[in-house]
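Reader: Could we go through the charged side chains together? I have the model open and would like to take it piece by piece.

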Amino acid sequence: MAAREFESMVEAIRLKRRMTTEDVFALRRAVYPDGIVDVREALALFRLNDDCEAATPAWTELFIEAQADFIVHQAEPRGYVSRDNADWLIAQVGRDGVVDTARELELLVKVLEAGKDVPQRLVGFTLEQVEAAVLEGRGVLARGGTLVPGAIGEAETAMLRRILYAYGGSGAVAITRTEAEILFNLNDATIEADNAPAWSDLFVKAIASHLLAAQGFRVPSRNEALRRAAWLDSPTGLDWDGLSAGSIGSALLNGLKGVFEPTLGERVEAAYAARNADFEAQQSESERIDGDEALWVVSRIGRDGTLHENEKALLAFLRAEASHIDPKLLDLIRDAA
């Protein structure tokens with residue numbers, strides 16, 4: 001569809017301030033004839049989302065699908081959310097720092113779920129939407145009708161868990177410091193509230209993951225991500241020096257094992273063995289809570305002069321799981337016992 005014709009369609013729908021099923025079908029045909037969503041179309045869909053107060057479920061599906069395609073699946077390297085695209089998305093959904101519609105919040109989470117690697121800024125921004133709702137009564141979650149200001153209910157806990165797991169689905173096991181700080185902020189602000197039981201479990205295990213996981217998550221550069229994705233297309237064969245365990249697994253799952261020579265199979269086994277040995281070494285080291293981590297935990301726990309139940313549960317969990325605990329934190333753990 002020509003650009004002028006597309007803009008006319010968008011403007012006609014905006015003037016109605018509602019979205020019918022027929023409108024959605026027409027938009028889908030206009031946006032996807034070539035299978036590509038360009039920035040002009042993505043921006044137009046955001047304008048429609050802002051202006052159409054009444055919309056069918058089909059609009060939610062199209063809006064999220066098209067934006068995720070534009071942000072995640074079309075920019076090179078495909079499947080990786082660039083910092084520029086993350087900043088662009090935040091600018092569209094959070095002009096005042098707060099997401100106003102459930103559709104846009106769902107888009108944020110879908111992008112986290114779809115991206116193999118996502119900038120931490122986007123994860124933090126999404127978590128902050130839950131924080132703003134719980135602590136300040138702002139944003140779409142606060143307007144849902146079930147949130148009790150100053151408390152963390154089942155819905156908020158489920159959203160937090162979904163955001164954290166979405167980001168971790170890309171291979172990031174560890175909770176980052178940014179995420180851990182937000183969780184501590186929520187816990188501190190709701191310490192006396194009637195929170196959902198699931199919140200205590202999420203808080204303890206997420207903070208423990210930050211302190212004990214084998215390694216934190218580092219968003220790769222675009223060049224590094226492209227290098228990871230391109231090895232199968234290389235005409236000179238496999239790049240064993242840059243081959244990750246994930247890409248080896250991908251190769252085997254895609255049927256390459258049957259055409260490998262025996263010596264190549266041995267190299268696969270050697271690569272796995274080296275990777276496992278490295279992971280075990282990292283795991284042993286990561287199960288230590290040393291100086292900087294210990295100081296951070298001590299600075300965050302008991303800020304009001306009292307050790308509360310979630311904090312005691314966290315300290316007990318760390319005492320049971322850590323192979324070594326710095327004396328500064330160990331003293332606090334003993335006091336809590």
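Reader: To start, in which helix do K205 and D201 lie, and how many residues apart are they?

Author: Both lie in helix α10 (residues 197-212), and they are 4 residues apart, about one turn of the helix; helices here are DSSP runs of H or I with at least four residues, strands are E runs of at least two, and both are numbered from the N terminus. This is a predicted model, in which local features need pLDDT of at least 70 and side-chain atom pairs count only at pLDDT 80 or more, while totals for chains, interfaces and linings use all residues. Residues are numbered from 1 along each chain as its sequence is written, and side-chain values use heavy atoms, leaving out hydrogens and water.

Reader: What do K205 and D201 form, and how far apart are the closest N and O atoms?

Author: K205 forms a salt bridge with D201, with the closest N and O atoms 3.1 Å apart; the term stands for a side-chain nitrogen of Lys or Arg within 4 Å of a carboxyl oxygen of Asp or Glu. By this rule the count comes to 18 salt bridges.

Reader: Now to D51: which residue does D51 form a salt bridge with?

Author: The partner of D51 is R14, and their closest N and O atoms are 2.5 Å apart. D51 lies in helix α3 (residues 39-51) and R14 in helix α1 (residues 3-16), so the pair ties together parts that are 37 residues apart in sequence.

Reader: And is D51 buried or exposed?

Author: D51 counts as buried, at 16% relative accessibility, where buried means under 20% relative accessible area, exposed over 50%, and partly exposed in between, using a 1.4 Å probe and protein chains only. R14, at 24% relative accessibility, counts as partly exposed.

Reader: What does the side chain of E11 make with the side chain of R14?

Author: The two side chains make a polar contact at 3.1 Å, meaning a pair of N or O atoms within 3.5 Å; within protein, one must be able to donate a hydrogen and the other to accept it, and residues adjacent in sequence count only if both atoms are side-chain atoms. E11 is in helix α1 and is partly exposed, with a relative accessible area of 35%.

Reader: Last topic: which residue does R162 form a salt bridge with?

Author: R162 pairs with E106, the closest N and O atoms being 2.8 Å apart. That pair links distant parts of the chain, since R162 is in helix α8 (residues 154-168) and E106 in helix α6 (residues 102-114), 56 residues apart.
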